[in-house]
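The structure is shown first.

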Amino acid sequence: MVDLKHSDIRIIDNAFQADPGYVLNFSDRTFREYFEDEFKIDIDDRKYQSNGTSKMNRLRAFCRVEPPATVSRVLRSLWQYREATRSPGPRDGEIGVNFFDLLSRIEGGGTIARTDAIERFAVDQTLDELVAAIERDIIADRPAAALDRLHTYCAKKFGHLLDRRGITWDRTEPLHSRVGKYVKALKQERELREMTEQIIKNSIGVFDKFNHVRNNQSLAHDNELLDKAEARFIFDSVCAVLRFVKSIDTVRFDD
């Protein structure tokens, strides 16, 4: 649950409320469908109607009762939708500064890992189930349980990135091999700063060790799980790479 002050709610209102009670350009139907399609959330659930049934009231209630990671993911997505569907306004700079400051406080104040790097990058029922399972484990603060599925997600993600580039790969290739091919392609596509290049090259070794963690310290088999702190560190480190990849591959994701 996110501890939001009245001033925080006003920031959310400034970012997303069109006319009183309305959220951006959503109708009741498209608002419901957006939450169902993007997050598998029933925004019509009675728990979001404590202060009224308008779209804005339901969004406010949602932000107050759900875990920080879930609230952050939804608000970030709504901001992207906002930017894609409306013309710039005179107060956008101020609104954006306040909004992202609030997001930082929501994410920094939470005790669970962020899942904003885990996206549905293709129309794929298996991928949908995979993302949902990772989010359930993280919301339940069980990062060790999420590592097996995170590994599978990464295998699918880097396979997808290679397919988009027409690069040949085989399903028998381990994860770090797929990452290595992606890193090689990335270096050919764009000039990276020296430190960025070093970090992304080092990630190949990180994913190599992730294979071992998945096989020997996750729920992939009858293993003894990592303790929560170490599992969280691994989860966050892998997601940091995924977050960078997402930021530079936005155009490809939008295709």
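## Asparagines and helix contacts

Leaving out residues up to four places away in sequence, Asn57 touches Tyr48, Asn51 and Gly52. The model is a predicted one. Asn57 is part of helix α3. With a relative accessible area of 18%, Asn57 is buried, because buried means under 20%. The C-alpha atom of Asn57 lies 9.3 Å from that of Val23, a residue 34 places away along the chain.

Asn51, one of the residues touched by Asn57, sits in the loop between α2 (28-39) and α3. Is Asn51 buried or exposed? Asn51 has a relative accessible area of 53% and is exposed, because exposed means over 50%. The C-alpha atoms of Asn51 and Cys154 are separated by 40 Å, and the two residues are 103 residues apart along the chain.

Two packed helices are described by the angle between their axes and the distance between the axes.

| Helix pair | Angle between axes | Distance between axes | Crossing |
|---|---|---|---|
| α1 (residues 6-16) and α3 (residues 55-65) | about 135° | 11 Å | right-handed |
| α3 and α4 (residues 68-85) | roughly 145° | within 8 Å | left-handed |
| α6 (residues 125-139) and α7 (residues 143-164) | about 155° | 9 Å | left-handed |

Helices α1 and α3 pack at an angle of about 135°. That angle makes α1 oblique to α3. Which residues make the contact between α1 and α3? On the α1 side they are His6, Ile9, Ile12, Asp13 and Phe16, and on the α3 side Met56, Leu59, Arg60, Cys63 and Arg64. By class, the contact of α1 with α3 has 6 nonpolar, 1 polar and 3 charged residues.

Helix α3 also packs with α4, in a left-handed crossing. Leu59, Phe62 and Cys63 of α3 make this contact together with Thr70, Val71, Val74, Leu75 and Leu78 of α4. The contact of α3 with α4 divides into 7 nonpolar residues, 1 polar residue and no charged residues.

For α6 and α7, the angle of about 155° goes with an axis distance of 9 Å. This makes α6 roughly antiparallel to α7, because angles over 145 degrees count as roughly antiparallel. From α6, the residues that meet α7 are Leu127, Leu130, Val131, Ala133, Ile134, Asp137 and Ile138. Their partners in α7 are Pro143, Ala145, Ala146, Arg149, Leu150, Thr152, Tyr153 and Lys156. The contact of α6 with α7 holds 11 nonpolar, 1 polar and 3 charged residues.

The cysteines remain. How many disulfides does the structure hold? The number is 0. A disulfide needs two cysteine sulfur atoms within 2.5 Å. The cysteine sulfur closest to that of Cys239 is in Cys154, and at 7.3 Å it is too far for a bond. Cys239 is buried, with a relative accessible area of 1%.

Note on methods
Residues are numbered from 1 along each chain as its sequence is written. This is a predicted model: local features need pLDDT of at least 70, side-chain atom pairs count only at pLDDT 80 or more; totals for chains, interfaces and linings use all residues. Side-chain values use heavy atoms; hydrogens and water are left out. Axes are lines fitted to C-alpha atoms, for helices over the stretch in contact, and angles run from 0 to 180 degrees between N-to-C directions. Helices (H or I, at least four residues) and strands (E, at least two) are DSSP runs, numbered from the N terminus. Angles under 35 degrees count as roughly parallel, over 145 as roughly antiparallel, 65 to 115 as roughly perpendicular and the rest as oblique. A crossing is left-handed if the near helix is turned anticlockwise from the far one by less than a right angle, and right-handed if clockwise. Contact means heavy atoms within 4.5 Å. Ala, Val, Leu, Ile, Met, Phe, Trp, Tyr, Cys and Pro count as nonpolar, Asp, Glu, Lys and Arg as charged, and the others, Gly among them, as polar. Buried means under 20% relative accessible area, exposed over 50%, partly exposed in between (1.4 Å probe, protein chains only).
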